[in-house]
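This report is meant for a reader who is meeting the structure for the first time.

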2 protein chains.
Amino acid sequence: MRATNIFRVEHSVSDDARYVRNGHHGGVLWLTGLSGSGKSTLAIGLERRLFDLGYQVYVLDGDNVRHGLNNDLGFSQADREENIRRIGEMAALMARAGMVVLSAFISPYRTDRERARTACGEAFHELYVKADLATCEERDPKGLYVKARKGEISDFTGISAPYEAPENPELTIDTVAFDVEECIDRAVEYVRANFDLKKADHPHGQRDR
Amino acid sequence: MRATNIFRVEHSVSDDARYVRNGHHGGVLWLTGLSGSGKSTLAIGLERRLFDLGYQVYVLDGDNVRHGLNNDLGFSQADREENIRRIGEMAALMARAGMVVLSAFISPYRTDRERARTACGEAFHELYVKADLATCEERDPKGLYVKARKGEISDFTGISAPYEAPENPELTIDTVAFDVEECIDRAVEYVRANFDLKKADHPHGQRDR
């Protein structure tokens, strides 16, 4: 029977092979910050810039996660935890597939973010999108702070629920002090320094970007 | 204040931009078949070949999904359904990110697979990994059929639980009639015909592969 060897072991594609092919490591930039701090704007602008520079890059945000993978979850404490847990695990897988994943969720609790870090291992980079509450409330791009102040939204981060700022993030970007393009510049610089293929790892020298 | 424009809308990276960059569409090859039909062997061999041909490709299987994203799920009927639902949603996202996703799960129920198809839309390609039960039981690579026959595993697909074969799969690969390399050849041919960048869509003509 010809097919008896169908179960022989074949090696899969290694992380290193993806790294050399893409010219960069896969990894997760985990954006955390208050509602209105600028996470989505930064993530989307950064995705555009990184893509144009040749990176394999993708944004995970409420739009594509809450309506799909996590559409069975509500906003109870347990469901919010599970929401972040799954995002961490999915980001870890996409990073292993070679992508630079930009996750943009408030993710207010340190324990939830630490769990995502554990799932992703060394590929995890916490990016604190920093803006004070007063500024975020003034921006209020979705009108959520107004509703939260009226009590129409319960457990709203910064108003009626805590935000635990990162204690030791890999990168902090202050969106009050800097404009969008400057914020993106800083993030790109960080990605280049931490994700790019090292000359020593490249068969034909460093890739130009 | 400089940061007041932080919420201006920026366009994200389009599916088409990823398609042109990668030289192929993102999409999901959903391998379904009995335990021992050769799904994992085909998926891993196919991943290797497609990677060497320049594709962005990644395998989702029990190893990387059950220990991570779905580590909260057991083997009850509800949990098995939820397992496949999440895999479908995750595969859909990775396909949107531009990857060719090879998912390798028994996924015995038509309704579960149809739900994955709905999540993925046009990017979904069902690949029936076909082998008769007697052959799979003879191969029994993990010794599971022996245990199932002894009653040590309950609800085992093909023995004590149904396998609903695809009625109209995009591709059928018969792993009894063909050896591993031939099976991979057929799958590669399918991917080339259905995922590759069309000449008309490419600014500089068709990509060579």
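## Helices α4 and α5 of chain A

In this predicted model, the helices α4(A) and α5(A) meet through two sets of residues: A:E81, A:I84, A:R85, A:G88, A:E89, A:A91, A:A92 and A:A95 belong to α4(A), while A:D112, A:R115, A:A116, A:A119 and A:C120 belong to α5(A). Sorted by class, the residues of this contact are seven nonpolar, one polar and five charged. The axes of α4(A) and of helix α5, which covers residues 110-120 of chain A, come within 8 Å and cross at roughly 25°. Because angles under 35 degrees count as roughly parallel, α4(A) is roughly parallel to α5(A). The crossing of α4(A) and α5(A) is right-handed.

Helix α4(A) can also be described by itself, for it has 20 residues and reaches 29 Å from its first C-alpha to its last, which is close to the 28 Å expected at 1.5 Å a residue. After α4(A) comes A:G98, a residue whose phi is positive, near 110°.

## Chain A as a whole

Chain A contains eight helices and five strands, and, read from the N terminus on, its elements follow the order α-β-α-β-α-α-β-α-β-α-α-β-α. Taken along the principal axes, the box filled by the C-alpha atoms of chain A is roughly 70 × 45 × 25 Å.

## Helices α2 and α8 in chain A

A second pair of helices in chain A is formed by α2(A) and helix α8 (residues 180-195), which pack at an angle of about 60°, with their axes 9 Å apart. That angle makes α2(A) oblique to α8(A), and the crossing of α2(A) and α8(A) is right-handed. On the side of α2(A) the contact is made by A:T41, A:L42, A:G45, A:L46, A:R49 and A:L50, and on the side of α8(A) by A:V180, A:C183, A:I184, A:A187, A:V188 and A:V191. By class, nine residues of this contact are nonpolar, two are polar and one is charged.

## Helices α2 and α8 in chain B

In chain B, helix α2 (residues 39-52) and helix α8 (residues 180-195) pack at an angle of about 60°, and their axes lie 9 Å apart. The helices α2(B) and α8(B) are therefore oblique to each other, with a crossing that is right-handed.

The residues of α2(B) that take part are B:T41, B:L42, B:G45, B:L46, B:R49 and B:L50, and they meet B:V180, B:C183, B:I184, B:A187, B:V188 and B:V191 in α8(B). The contact of α2(B) with α8(B) has nine nonpolar residues, two polar residues and one charged residue.

## How the two chains meet

Which elements bring chain A into contact with chain B? In total, 37 residues of chain A are in contact with 37 residues of chain B, and the elements of chain A that give two or more residues to the side touching chain B are α2 (39-52), β2 (57-61) and α4 (77-96). The residues on this side of chain A divide into 20 nonpolar, nine polar and eight charged.

Conventions: Residues numbered from 1 in each chain as written. Chains lettered and ligands numbered in written order. Predicted model: local features only at pLDDT ≥ 70, side-chain atom pairs only at ≥ 80, totals over all residues. Axes fitted to C-alpha atoms, helices over the stretch in contact; angles between N-to-C directions. Helix = DSSP H or I, 4+ residues; strand = E, 2+ residues; numbered from the N terminus. Parallel < 35°, antiparallel > 145°, perpendicular 65-115°, else oblique. Left-handed = near helix turned anticlockwise from the far one by under 90°. Contact = placed C-beta atoms within 7 Å. Nonpolar A, V, L, I, M, F, W, Y, C, P; charged D, E, K, R; others polar. Expected span 1.5 Å × (residues − 1).
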